[in-house]
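I kept this notebook page open while going through the model, and I jotted down each thing as I looked it up. Here are the entries for you to follow along.

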Amino acid sequence: MQAWQVHQNGEPSEAMRLEDVETPTPGDGQVLLKVRAANINFPDALLCRGQYQVRPPLPFTPGVEICGETEDGRRVLANPALPYGGFAEYAVADAAAVLPAPEALDDAEAAALHIGYQTGWFGLHRRAGLQAGETLLVHAAAGGVGSAAVQLGKAAGATVIGVVGGAEKAAVARELGCDVVVDRRSEDVIAAVKEATGGRGADVVYDPVGGEAYAQSAKVVAFEGRIVVVGFASGTIPSPALNHALVKNYSILGLHWGLYNTKNPKLIQHCHEQLTELAARGAIKPLVSERVPLGGAAAAVQRVADGVTTGRVAVLPGLTEGGAA
């Protein structure tokens, strides 16, 4: 089979090489899945760089989220068990963690429903307790993680403010349903959010960016607000001033979604049922901006790493270079 392999850590466009390899053999409690679509996540770039919290042995195939097909023809969602990741014709996954793919979504959309939407659901509902009528601020609102949070926030009845970088991403954020869109490249984020909220600020801030975005979050979070720390796509990990959290009465909440796989896997199943229901009634639908063939995976992972994509980019092994499935 064909699979992208990383033999030496580095930037995705340089580290990933498409090779002919043996089809992997599942271990105890694992299943072999034909990859129908693999969604690209920022952690795939971190894996290539050797900067992710998980460091699989070299060589490995990245790709942490797929819609796959079981040997008996069922369409499922899975997080592949590295080193046999999803940027390949076949991947391996733990059987106990495989979930049914929502019928309302095609392969690429289904592949994009899992990590980003689970992270959003856990962050907004379990960690932050977002309520209908509250204001939610989402950083990088046009990106893969942010776009999921925007849709989930709207589905929960919140007013959603999206922060983006550039006019193209602002248009995407509006399409996703943001009530207010702030372009950080041309606007003062802090002033714009305070104006949009009548000076009160945001009840919940969803931050997958870190760095300057976190500093802005602390200045615009409302009394008794909650900042959900999801990741550090900016590459800068902030050092919060806890005296500021004290005098302003807000909470800083960490979210590492992957921990639920071992700490409380039943919650992941419950979340998936909620997401499937939301997808069935059209309340959420992953924005897949690009569908690329297997041969285009390395370049696509690099684009995601560089922050120039919107929504989700999916790799479809069955897609030809000309675009036909």
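**Entry: a helix on the sheet.** I began with helix H6 (residues 167-176), which lies across E9 and E10 and runs at about 165° to E10. For angles, I take axes as lines fitted to C-alpha atoms, for helices over the stretch in contact, with values from 0 to 180 degrees between N-to-C directions. Helices (H or I, at least four residues) and strands (E, at least two) are DSSP runs, numbered from the N terminus.

Before going further, I noted that this is a predicted model, where local features need pLDDT of at least 70, side-chain atom pairs count only at pLDDT 80 or more, and totals for chains, interfaces and linings use all residues. Residues are numbered from 1 along each chain as its sequence is written, and side-chain values use heavy atoms, with hydrogens and water left out.

**Entry: the sheet itself.** Which strand order does the open sheet of 6 strands have? I read E10-E9-E8-E11-E12-E13, with parallel pairing. Two strands pair if DSSP finds at least two bridges between them. Strand E10 (180-183) and strand E13 (251-254) stand at the edges with a single partner strand each, so one side of each has no neighbour in the sheet. From one strand to the next, the twist averages 20°.

I then looked at one pair: strand E9 (residues 159-164) and E10 run parallel and are joined by 4 bridges. Valine 164 stands opposite aspartate 183 in E10. Helix H5 (residues 144-155) also packs on the sheet, where H5 touches strand E8 (135-139), E9 and strand E11 (202-207). The direction of H5 makes about 170° with that of E8. Contact here means heavy atoms within 4.5 Å.

**Entry: two helix pairs.** Two packed helices are described by the angle between their axes and the distance between the axes. Helix H2 (residues 42-49) and helix H12 (residues 297-306) pack at an angle of about 105°, and their axes are 8 Å apart. H2 and H12 are therefore roughly perpendicular to each other (angles under 35 degrees count as roughly parallel, over 145 as roughly antiparallel, 65 to 115 as roughly perpendicular and the rest as oblique). From H2, I found Phe42, Asp44, Ala45 and Arg49 meeting Val301, Val304 and Ala305 in H12. Sorted by class, this contact has 5 nonpolar, no polar and 2 charged residues. In that sorting, Ala, Val, Leu, Ile, Met, Phe, Trp, Tyr, Cys and Pro count as nonpolar, Asp, Glu, Lys and Arg as charged, and the others, Gly among them, as polar.

Next I took helix H7 (residues 189-196) and helix H8 (residues 212-220), whose axes come within 10 Å and cross at roughly 35°. Val189, Ile190, Val193 and Lys194 of H7 make the contact with Gln216, Lys219 and Val220 of H8. By class, I have 4 nonpolar, 1 polar and 2 charged residues there.

**Entry: buried or exposed?** My cut-offs are under 20% relative accessible area for buried, over 50% for exposed, and partly exposed in between (1.4 Å probe, protein chains only).

- Serine 217 is in helix H8 and is buried, at a relative accessible area of 0%. Leaving aside neighbours within four places in sequence, serine 217 is in contact with His139, Val205, Asp207 and Ile227.
- In helix H4 (residues 115-127), 10 of the 13 residues are buried, so H4 is largely enclosed by the rest of the structure. Among them are Tyr117, Trp121 and Phe122.
- Aspartate 28 sits in the loop between strand E2 (16-20) and strand E3 (30-39); aspartate 28 is exposed, at 83%.
- Valine 31 of strand E3 is partly exposed, at 27%. Not counting residues up to four places away in sequence, valine 31 touches Pro26, Ala91, Val92, Ala93, Ala95 and Val98.

Entry: Where are the cis peptide bonds I noted? One joins leucine 58 and proline 59, with omega about -5°, and proline 59 is in the loop between H2 and strand E4 (66-69). Another joins leucine 82 and proline 83, with omega about 20°.

I also checked phi. Alanine 140, in the loop between E8 and H5, has a positive phi near 50°. Asparagine 249, in the loop between helix H9 (242-248) and E13, has a positive phi near 60°. Just after H4, glycine 129 takes a positive phi of about 60°.
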